[in-house]
Amino acid sequence: MTQWTAKQKNAVFAAVTSWTLDAFDFFILVFVLKDIAASFNVTVQEVSLAVFLTLAVRPIGALIFGRMAEKIGRKPVLIINIVIFSILEAASAFAPTLFIFITIRCVYGIAMGGIWGVASSLALETAPKESRGFVSGLFQAGYPAGYLIAAIVYGLLFSLIGWEKLFIIGSLPILLAVFIWFKVEESPVWLTSKNEHKTNVPLLPIVKKHWKLCLYAILLMTCFNFFSHGTQDVYPTFLEKQHGFEPHVVSIIAICYNIASILGGILFGSLSAKIGRRKAIIIAALLSLPAIPLWAFATSSIMLGIGAFFMQFMVQGAWGVVPVYLNELMPENTRAVLPGFIYQLGNLLASVNLTLQVYIANQTGGNYGIALAVVAGSAAIIISLFMFFSSDRVIKQ
């Protein structure tokens, strides 16, 4: 990165870090589902509604903040977004009832929904063109990096401070807003659009013109979100409830597979610049299938950890290509709103994942391994088929 300017480095750092800290805030909840259930004297399935709603309302945030970013710039909207979700994360710790907790998480989901599109457009529009594959992988690696930080914080502090104070720690991303205010410059692509008076282009006519592209991308992102959330959200519960592992063991396994996720995202993101975006996604998705038996059906902590390492290396490897793939696919002057909105619509359609997996597990005698394997295997195969049979020429019509 010696040829990079300070401006480019700061923008990419801010974008990656904002997505990392956003993911950290989200995954804190995943680690403490059963503890929140115990506090409110309800079932894990009832608390899982908070995860469902957080994911379900994210398209609203993507649309609101994405349109703002097209009109007034990536930088100010990213700052506003970070401040809002940090405050809501802290508020989650003080919820007196499950209803209020779920309500706060629902509003938090709107704020969370804005980050991906705005931050990814800032990073990809600022980085050198030849480095966008690497930046895509690095940016998407921020999601497992957030999961990794959550795993470390959970493993070190949960037994000492309880679940409520973990959410207070989750408000620290607000400090990143200060860095962005002083050190990050606006996207050069947006500044050019502003000078050409193209920052307030109507969205609906563009969507109508490119409806095939949008439909394809929404279905693809639905599969991708089942792929990621179907391998992540219920996994700590699977390790705790089905295998009876202590929190520190769960934390160690999560740390290992999130390190793999970061490496996979960067590797396949960079590889996509050489072999093509679609081919890189297909390879990563198909290579996840051989990992499923070990990842979902092993019995020892060591073998489960090895399986989880290889599984997340491939899952997040495929995901590492997504930011640049979607960004390059979308029409110009929509890249702060459409990629994020489509990504979050996929999240909406896949937001039933956790509830679905808990239901499958309950119907199979508490076997979370079956629920994990069914969802992950199906998503990997469908993503590969989408990529194999799609044509850049056709979907760009």
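Student: Why is N41 counted as exposed?

Tutor: This is a predicted model in which local features need pLDDT of at least 70 and side-chain atom pairs count only at pLDDT 80 or more, while totals for chains, interfaces and linings use all residues. Residues are numbered from 1 along each chain as its sequence is written, and side-chain values use heavy atoms, with hydrogens and water left out. Buried means under 20% relative accessible area, exposed means over 50%, and partly exposed lies in between (1.4 Å probe, protein chains only). N41 has 71% relative accessibility, so N41 counts as exposed.

Student: Where is N41 placed?

Tutor: N41 sits in the loop between α2 (33-40) and α3 (44-56); helices are DSSP runs of H or I with at least four residues, numbered from the N terminus. N41 also has a positive phi of about 60 degrees although it is not a glycine. Most residues other than glycine have a negative phi.

Student: What makes F85 and Y108 an edge-to-face pair?

Tutor: Rings of Phe, Tyr and Trp (its six-membered ring) pair if their centres lie within 6.5 Å; planes under 30 degrees apart count as stacked, over 60 as edge-to-face and the rest as tilted. By this rule the count comes to 24 aromatic pairs. The centres of F85 and Y108 are 6.3 Å apart and their planes stand at 85 degrees, so the pair is edge-to-face. This pair links distant parts of the chain, with F85 in helix α5 (residues 74-92) and Y108 in helix α6 (residues 98-126), 23 residues apart. F85 is buried because its relative accessibility is 1%, and Y108 is buried with a relative accessible area of 0%.

Student: Why is the pair of Y235 and F238 called tilted?

Tutor: The ring centres of Y235 and F238 are 5.1 Å apart and the planes are at 45 degrees, so the pair is tilted. Y235 and F238 are three residues apart in helix α12 (residues 235-242), and therefore separated by about one helical turn. Y235 is buried at 1%, and F238 is buried at 0%.

Student: How do you know that K34 and D35 form a salt bridge?

Tutor: A salt bridge is a side-chain nitrogen of Lys or Arg within 4 Å of a carboxyl oxygen of Asp or Glu. In the bridge of K34 with D35, the closest N and O atoms are 3.5 Å apart. K34 is partly exposed because its relative accessibility is 34%, whereas D35 at 14% counts as buried.

Student: What links K34 with E240?

Tutor: The side chains of E240 and K34 meet in a salt bridge of 3.9 Å, N to O. This pair links distant parts of the chain, E240 in helix α12 and K34 in helix α2, 206 residues apart. E240 is buried, with a relative accessible area of 12%. K34, D35 and E240 are linked in a network of salt bridges.

Student: How many salt bridges does the structure hold?

Tutor: The structure holds six salt bridges. One of them joins the side chains of E89 and R105 at 2.8 Å, N to O. E89 lies in helix α5 and R105 in helix α6, so the pair ties together parts that are 16 residues apart in sequence. Both E89 and R105 are buried.

Student: Why is K274 called exposed?

Tutor: K274 has a relative accessible area of 74%, so K274 is exposed. Its place is in helix α13 (residues 247-275).

Conventions: Helices (H or I, at least four residues) and strands (E, at least two) are DSSP runs, numbered from the N terminus.
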